[in-house]
Amino acid sequence: MGPDAVDLIMDDHRVLESLFEQVQAGEGDRRILVDEIAARLTAHSHAEEKKVYPTLTKADPGEKDDVDHAYHEHDEAEELLQQVVRSVDSPQFEQVLAEFVQAVKHHVEEEESKVLPALREAVDQATLERLGEAFTEVRIDELRRAGFDEEGQHAAAYDRGRADLAGATRDDLYEMAKDADISGRSSMNKDDLSQALRRQA
Ligand SMILES: [Fe+2]
Ligand SMILES: [Fe+2]
């Protein structure tokens, strides 16, 4: 028996909450944490919208209102997230972050108390496991495109891109561009590579 969609979604909620705690406690690099939260939350919500929510409304049309509400909360969280991203260097950061965290926690609570239990009721275990795979596939695909590997850790190019692009040689930059799959990299000089990597990060 593999992990099912409900378990995987709840595990991912816990990961997000621990990142919220880190950034709220002022641990680590704020910009890097915010970028990781943004990538993880966006990939998570999209995977739910593409795979999980439609499965629930199809299996149990009576859940349509709860699911519509969940979509709406994703939109709200997305808007607040954009404000957080824009406020990283602002004195309002903590306040904006608190509002965002509160909204996401509220959504997570509703999802875990209404949507996910309804999903468990509505479909059988085999479907839940297949749905878990589909959820993970979409989530990881989005994370990769955002420059993260499947563990959600920073991909090498992303990490180094932030940390020390300035001190890198052309060869280093070329290797990073290769990791990041930047097209046209063979013909780029050091500055071009550096710029392309910054754009990606
Ligand atoms: Fe969720
Ligand atoms: Fe959600």
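Which residues in α2 meet which residues in α5? The tour of this predicted model begins at that contact.

**First stop: α2 and α5.** Select Ala39, Thr42, Ala43, His44, His46, Ala47, Lys50, Lys51, Val52 and Thr55 in α2, and then Leu131, Ala134, Phe135, Val138, Arg139, Glu142 and Leu143 in α5; these two sets meet each other. Colouring by residue class shows nine nonpolar, four polar and four charged residues in the contact of α2 with α5. Now display the axes: those of α2 and of helix α5 (residues 125-145) cross at roughly 145° and come within 8 Å. The crossing in which α2 passes α5 is right-handed.

**Second stop: α1 and α2.** Select helix α1 (residues 5-24) together with helix α2 (residues 30-59); their axes lie 10 Å apart, and the two helices pack at an angle of about 160°. α1 and α2 are therefore roughly antiparallel to each other, the cut-off for that description being an angle over 145 degrees. Here α1 passes α2 in a left-handed crossing. To see the contact, show Ala5, Ile9, Asp12, Val15, Leu16, Leu19, Gln22 and Val23 on the α1 side. On the α2 side, show Arg30, Leu33, Val34, Glu36, Ile37, Arg40, Leu41, His44, Glu48 and Val52. By class, the contact of α1 with α2 comprises 11 nonpolar, two polar and five charged residues.

Next, select Ala5, Ile9, Val52, Leu119 and Phe135, the residues with the most contacts inside the largest nonpolar core, which has 21 residues. At least two residues of this core come from each of α1, α2, α3 (64-86), α4 (93-122) and α5. The greatest contribution to this core is that of α2, with six residues. Centre the view on Leu119: leaving aside residues up to four places away in sequence, Leu119 touches Val6, Val52 and Leu56. Apart from this core lies another, of 15 residues; among them, select Val34, Ile37, Leu41 and Ala77.

**Last stop: His72.** Finally, move to helix α3 and select His72, which lies in that helix. Is His72 buried or exposed? His72 is exposed, because 11 other C-beta atoms lie within 10 Å, and a residue counts as exposed with 12 or fewer. For a distance across the model, select Pro3 as well: His72 and Pro3 are 27 Å apart in space, C-alpha to C-alpha, and 69 residues apart in sequence.

Conventions: Residues are numbered from 1 along each chain as its sequence is written. Chains are lettered from A and ligands numbered from 1 in the order in which they are written. This is a predicted model: local features need pLDDT of at least 70, side-chain atom pairs count only at pLDDT 80 or more; totals for chains, interfaces and linings use all residues. Axes are lines fitted to C-alpha atoms, for helices over the stretch in contact, and angles run from 0 to 180 degrees between N-to-C directions. Helices (H or I, at least four residues) and strands (E, at least two) are DSSP runs, numbered from the N terminus. Angles under 35 degrees count as roughly parallel, over 145 as roughly antiparallel, 65 to 115 as roughly perpendicular and the rest as oblique. A crossing is left-handed if the near helix is turned anticlockwise from the far one by less than a right angle, and right-handed if clockwise. Two residues are in contact if their C-beta atoms, placed from the backbone, lie within 7 Å. Ala, Val, Leu, Ile, Met, Phe, Trp, Tyr, Cys and Pro count as nonpolar, Asp, Glu, Lys and Arg as charged, and the others, Gly among them, as polar. A nonpolar core is a set of buried Ala, Val, Leu, Ile, Met, Phe, Trp, Tyr and Cys residues joined through C-beta atoms within 7 Å. A residue is buried if 20 or more other C-beta atoms lie within 10 Å of its own, exposed if 12 or fewer, and partly exposed in between; C-beta atoms are placed from the backbone.
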